[in-house]
Amino acid sequence: MPVPLALRTLPRRILFWTHLVAGVTASVIILVMSVSGVLLTYERQMIAAADLRAVVPRGAPTSASADATGPRRPLGELIRAARTALPEASPTSVQLSADPAAPVQVSFGREGSVYVDPTRATVLGRGDRETRDVFDSITGWHRWLGASTEGRATARTITGVANLAFLCLVLSGLVLWFPRRLTRPQLRAVTWFRRGLRAKARDFNWHNVVGIWSFVPLVLIASSGAVISYSWAVDLLYRVAGDAPPSATPRNAAPPAPVVGDPRVRGDGAPSISLEHLDGLVTTAATRLADWHRITIALPTDVEAPVNLVIDRGTGGQPQRRATLRLDPATGREVAWVPFDSLTRGLRARSFMRYAHTGEYFGIFGQTVAGLVTLATTLLVWTGLALAWRRLIRRDRTERPRESLERAA
């Protein structure tokens with residue numbers, strides 16, 4: 001017995017109206033997050049370039065000490081020089097570049113960083129604070145709609161819900177965009193731009209084409225955004241990866257080892273490690289991976305704690321190209337070697353989702369793709385609102401005169 005046409009089209013109609021209502025409701029929030037996301041596409045590279053311009057005099061070579069001779073000064077001396085710029089703060093980490101003439105970055109937690117000339121042990125500056133402030137402001141709009149500290153919890157809830165709505169829009173859009181008949185003309189009509197169309201047909205064509213070509217990266221960006229926003233999404237990710245979620249960790253379990261940027265704090269927070277030992281530890285780390293780009297040393301505040309050295313062979317946002325080497329600060333003995341492949345599947349999945357959200361996991365190419373499809377989202381919002389306006393508002397205005405005529409007749 002054939003299924004009536006009304007029953008066959010009912011699920012599609014329900015999906016369509018759900019898609020339309022969700023899109024109109026969340027459109028403004030999605031637009032704000034998309035525009036701010038586009039502006040953050042190359043945040044890491046732009047901040048690094050701005051910092052370098054700020055600490056290197058104009059007309060000088062890119063390497064701060066290219067005109068100087070001699071080997072790099074001991075790290076202890078460089079750290080003590082950096083502390084003169086922020087005497088009230090305590091250093092938390094030191095970052096070295098594979099370029100021996102590049103400035104050494106000494107971080108002081110929330111107080112920021114200080115750049116030091118590696119061969120002269122002189123302070124070069126704190127980088128471009130204005131550029132960092134601009135990107136911090138854009139990030140605030142992307143995460144919290146520009147809300148102040150008091151309103152960030154509410155704003156984060158709104159952006160989280162809008163992100164979930166966007167994920168549903170992308171998934172339901174694939175069903176709605178998919179032609180009912182797989183003929184070549186119908187496939188071409190929704191997968192390629194057409195010329196000479198009027199406003200409504202043009203918006204429909206653009207909405208379909210942009211949505212289909214952006215489908216895979218947009219699903220990845222939106223789903224990773226959910227993992228960033230919600231603990232239940234993190235738990236689900238761990239379960240899919242076959243690991244116990246973080247929420248299932250027993251309360252009396254041993255705390256994780258300290259990581260870069262989160263050293264153990266004791267007393268005034270000053271590092272208790274002997275700074276004279278750092279150079280030997282860096283030499284050991286440099287021989288572990290010959291093609292390293294940067295090494296970041298976390299400065300522990302517990303004299304007995306191992307020192308974590310993160311060896312990065314990527315762009316800074318590629319966890320699969322990072323490894324952590326833990327060394328005994330007194331003897332230089334290797335305590336642990338933690339490459340990305342040795343992490344649990346859950347941790348690897350979470351790291352992937354974190355940096356897939358910005359495209360950094362796939363390098364510059366991934367960042368560019370993420371930026372382009374995020375820019376395309378603004379077109380999806382515009383064309384979607386235009387189509388909704390014509391369906392909900394203009395149709396209502398044209399139907400009212402017809403109803404009046406029918407009643408008069």
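1. The side chains of Asp 203 and Arg 390 meet in a salt bridge, with N to O at 2.8 Å; the term denotes a side-chain nitrogen of Lys or Arg within 4 Å of a carboxyl oxygen of Asp or Glu. Asp 203 lies in helix H7 (residues 199–213) and Arg 390 in helix H12 (residues 363–408), so the pair ties together parts that are 187 residues apart in sequence. Helices here are DSSP runs (H or I, at least four residues), numbered from the N terminus.

2. This is a predicted model, in which local features need pLDDT of at least 70 and side-chain atom pairs count only at pLDDT 80 or more, while totals for chains, interfaces and linings use all residues. Residues are numbered from 1 along each chain as its sequence is written, and side-chain values use heavy atoms, with hydrogens and water left out.

3. Asp 203 also forms a salt bridge with Arg 202, the closest N and O atoms being 3.2 Å apart, and salt bridges that share partners join Arg 202, Asp 203 and Arg 390 into one network. Both Asp 203 and Arg 390 are buried, that is, under 20% relative accessible area, where exposed means over 50% and partly exposed in between (1.4 Å probe, protein chains only). The relative accessible area of Asp 203 is 2%, whereas Arg 202 is partly exposed at 30%.

4. The whole structure holds nine salt bridges. One of them pairs Arg 72 with Asp 279, the closest N and O atoms being 3.2 Å apart; Arg 72 sits in the loop between helix H2 (43–55) and helix H3 (75–83), and Asp 279 in helix H10 (residues 278–288), 207 residues apart.

Note on methods:
Helix = DSSP H or I, 4+ residues; strand = E, 2+ residues; numbered from the N terminus.
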